[in-house]
There are 2 protein chains.
Amino acid sequence: MEYAARERIPVTPRGAGTGLSGGCVPAAGGIVVSTERLNRIIDIDPADLIAVVEPGVITASLHSASEALGLFYPPDPGSCAFCTLGGNIAENAGGLRGLKYGVTRDYVMALDVVLPDGRTFQAGSRTRKNVTGYDMARLFTGSEGTLGFITGAVLKLIVLPEAKAGFLAAFDTLEAASEAVLAIIKSGITPSTLEIMDSVTLKAVASFSGRNDLDYGALLLIEVDGHEEDVARQSGKLLDALKNSGAKELRQARDAAEQEEIWTARRSALTALARISPSVILEDATVPRKEMTSMVRAIRSVAGKYGLLIGTFGHAGDGNLHPTIITDLRIEENKNKVKAAVGEIFEAALSLGGTLSGEHGIGIMKSSYMESELGAAGVEAMRAVKDAFDPQGIMNPGKIFV
Amino acid sequence: MEYAARERIPVTPRGAGTGLSGGCVPAAGGIVVSTERLNRIIDIDPADLIAVVEPGVITASLHSASEALGLFYPPDPGSCAFCTLGGNIAENAGGLRGLKYGVTRDYVMALDVVLPDGRTFQAGSRTRKNVTGYDMARLFTGSEGTLGFITGAVLKLIVLPEAKAGFLAAFDTLEAASEAVLAIIKSGITPSTLEIMDSVTLKAVASFSGRNDLDYGALLLIEVDGHEEDVARQSGKLLDALKNSGAKELRQARDAAEQEEIWTARRSALTALARISPSVILEDATVPRKEMTSMVRAIRSVAGKYGLLIGTFGHAGDGNLHPTIITDLRIEENKNKVKAAVGEIFEAALSLGGTLSGEHGIGIMKSSYMESELGAAGVEAMRAVKDAFDPQGIMNPGKIFV
């Protein structure tokens, strides 16, 4: 970093390259610094409930190393089998367990940071409480590599829930499924996972995986966890809420294998949709949970208006939808359609009190929309932070800001 | 703020004035802006699990308003009956439930912010996931009024646990109690509260409240919560862990009233200690939980070295201790002793991987120690953020930075 600062060469940090907003793409050229070989889990401490890791550790490796000790690192982005913890931190990655367990940010305790001029410091500490000055650990979390380089992290772990149960609930329409989500929350339980898939996505998954049992208007995929009796209690409340919400079909996974099958189907959604057509544009618009039905309608109306195929799936419990446009961008006309459609999807999300990005970041994909959410003052405040850390603008330029 | 910026007048935000590091003291004179009349709970939404509040709402008012709807706002600083949510946010207040439920930061979703030049923006959003640019909501949380003024907040709520159980466990020494904390965590349960009090504090509380049942070397006060069966299960594991840790006496609160009595005793610790002598210096050194026994020994050794009476109590589950020096600062010699003792307590905490402040903030009390924890680069990075937001230095000057 000292060399790059002296020579004013752009530096782009890179984990596994699985990000969905272009965070690790060296948009202005320069040096790409890979964390590939910073891949050690240095310590997992059951007394302090922390993991000390290097940024290149694959997320799923921390999952399995923790679980072997009866501990749990909840953040699980869809790409957790191959993405890295450093990338997760830089993008503040979410995943399927956000509703009950939060996102990456909620598990970052301390970060070793290299500033754009080569100086280093530790943001945060190994303590569970820390209010010594500004919350730099969280400022760096989600900063998309634009403020400095993360070379190490102390992550919070929790105790692994002893049991879980998985459910499928089918509905005639996406709206009905979306309303059922509210009924579940109102029943007083907090599922560890609460996912939604629409008919476009379900057809794609069915064709991708050779399943013939997914012919529904919409599906909710739900998991509850806790200790044995608690799982039974939550399952009862969940089934009641689903029945009262008009679920057409209700199925509980008989065992761990069938449960895993449910999540495999969900995790294959993007891959399955991407096979349909040469281009896939995955969005990340997120709204307050209560507005999800309105958002679902807005997406459908945009699809109709531009004659675009849009598959919608996502983390319904968080109001975090992934409307995914399936098209062929080699055809010029489609580019304009997609651009207009994406703009209208953002507009709808913002008008419902939502945000441009729930968990994928801004990167190079959404920087031009920042002001529509944050206003000039909000973008300028972020810009001032960027300039304070990186006055030369060498740290991952071209991201977040236009 | 526009007026103050134009005239370069310092502005200090103030809630209820209960902070413990001097955050709301107008150290450089100027204007004090009170949130006293910004005291409305605007909305509590059971579907979105959020509360929309003004900054002057008393924390306990949000507790009771939420609980009336079966919802729960966990942060509960010791002063929750009279402190304000705005102050809690500005200081990132902790409290007794940090171990299981985290601190104020973990419940802040969005903040309405007035910048030092009068411009306004919303940091964060009403969505549970948000990665649109930097995490400004958390940057303002714990910024001690040095970056701008908070005029509104959207706070996350969770579902209220249906049951709880309270326990007292007495030990011969503070070290033994501290080791028992580790045994509890290793047993796989996460108590909602796990507090520690030493013999100095217990004597003070006994004398303050006229109780004669607190004559122990140290006491742990523990609460577990959840639904009925889960509370029973956790209670069993807890009692086993305590018995195996050599607890001299073990008592379970028979009912809610007795449980409340336990917490009243704990909450009166500071008041009780403060009655002993004219001056009370409350510290907030926090260490990784595993190092708590070492920290307890270091505090005792500092007390012996300077001949000071130090009562220690705090949030043992978080490694967040409040060593409290009881003295008379009208005597010049004591000032030097206290200064040296406080310095050595911080040194011990930092050498154990801890932090200067777990939940009280830096304010005017600890600014001179910042560099010992963060190094020059760490303090300069924070300073750069401060200058980016407040180039004129009118926002609560004299806090955090020397």
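The model is predicted, so local features need pLDDT of at least 70 and side-chain atom pairs count only at pLDDT 80 or more, while totals for chains, interfaces and linings use all residues. Residues are numbered from 1 along each chain as its sequence is written, chains are lettered from A in the order in which they are written, and side-chain values use heavy atoms, with hydrogens and water left out.

The interface comes first. Chain B contributes 83 residues and chain A contributes 83 residues to the contact, where contact means heavy atoms within 4.5 Å. Between them the two chains bury about 6,400 Å², 59% of it on carbon and sulfur atoms; buried area is the accessible area (1.4 Å probe) that two parts lose on being put together, summed over both. On the chain B side, Lys129(B), Val131(B) and Tyr134(B) lose the most area to chain A, together 16% of what that side buries.

Ten salt bridges are found across this interface, a salt bridge being a side-chain nitrogen of Lys or Arg within 4 Å of a carboxyl oxygen of Asp or Glu. In one salt bridge, the side chains of Arg119(B) and Glu380(A) meet at 2.3 Å, N to O. Among the elements that give two or more residues to the side of chain B that touches chain A are strand S7 (120-124), helix H8 (228-244) and helix H13 (370-389) of chain B, and H13(B) gives the most, with 13 residues. Helices (H or I, at least four residues) and strands (E, at least two) are DSSP runs, numbered from the N terminus.

Within chain B, helix H12 (residues 332-351) has 20 residues, which at 1.5 Å a residue should span 28 Å, and its end C-alpha atoms are 29 Å apart, which agrees; the expected span is 1.5 Å times one less than the number of residues. Val338(B), Ala341(B), Val342(B), Ile345(B) and Phe346(B) are among the buried residues of H12(B), where buried means under 20% relative accessible area, exposed over 50% and partly exposed in between (1.4 Å probe, protein chains only). Their cover includes strand S14 (279-282), helix H11 (292-306), strand S15 (309-315) and strand S16 (320-327) of chain B.

Glu283(B), in the loop between S14 and H11 of chain B, counts as buried because its relative accessible area is 3%. Its contacts include Val342(B) and Phe346(B) as well as Lys366(B), and its side chain makes a polar contact with that of Lys366(B) at 3.3 Å.

In chain A, Asn130(A) is found in the loop between strand S7 (120-124) and helix H5 (136-140) and is buried, with a relative accessible area of 17%. The side chain of Asn130(A) makes a polar contact with the side chain of Ser125(A) at 2.9 Å and reaches the backbone nitrogen of Thr132(A) at 2.9 Å. Residues that Asn130(A) touches in chain B include Asn92(B), Arg105(B) and Glu373(B).

Leu242(A) lies in helix H8 (residues 228-244) of chain A and counts as buried, at 0% relative accessibility. Among the residues it touches are Phe171(A), Ile184(A) and Leu250(A).

Conventions. Polar contact = N/O pair within 3.5 Å; in protein donor to acceptor, adjacent residues only side chain to side chain. Lists of a residue's contacts leave out its neighbours within four places in sequence.
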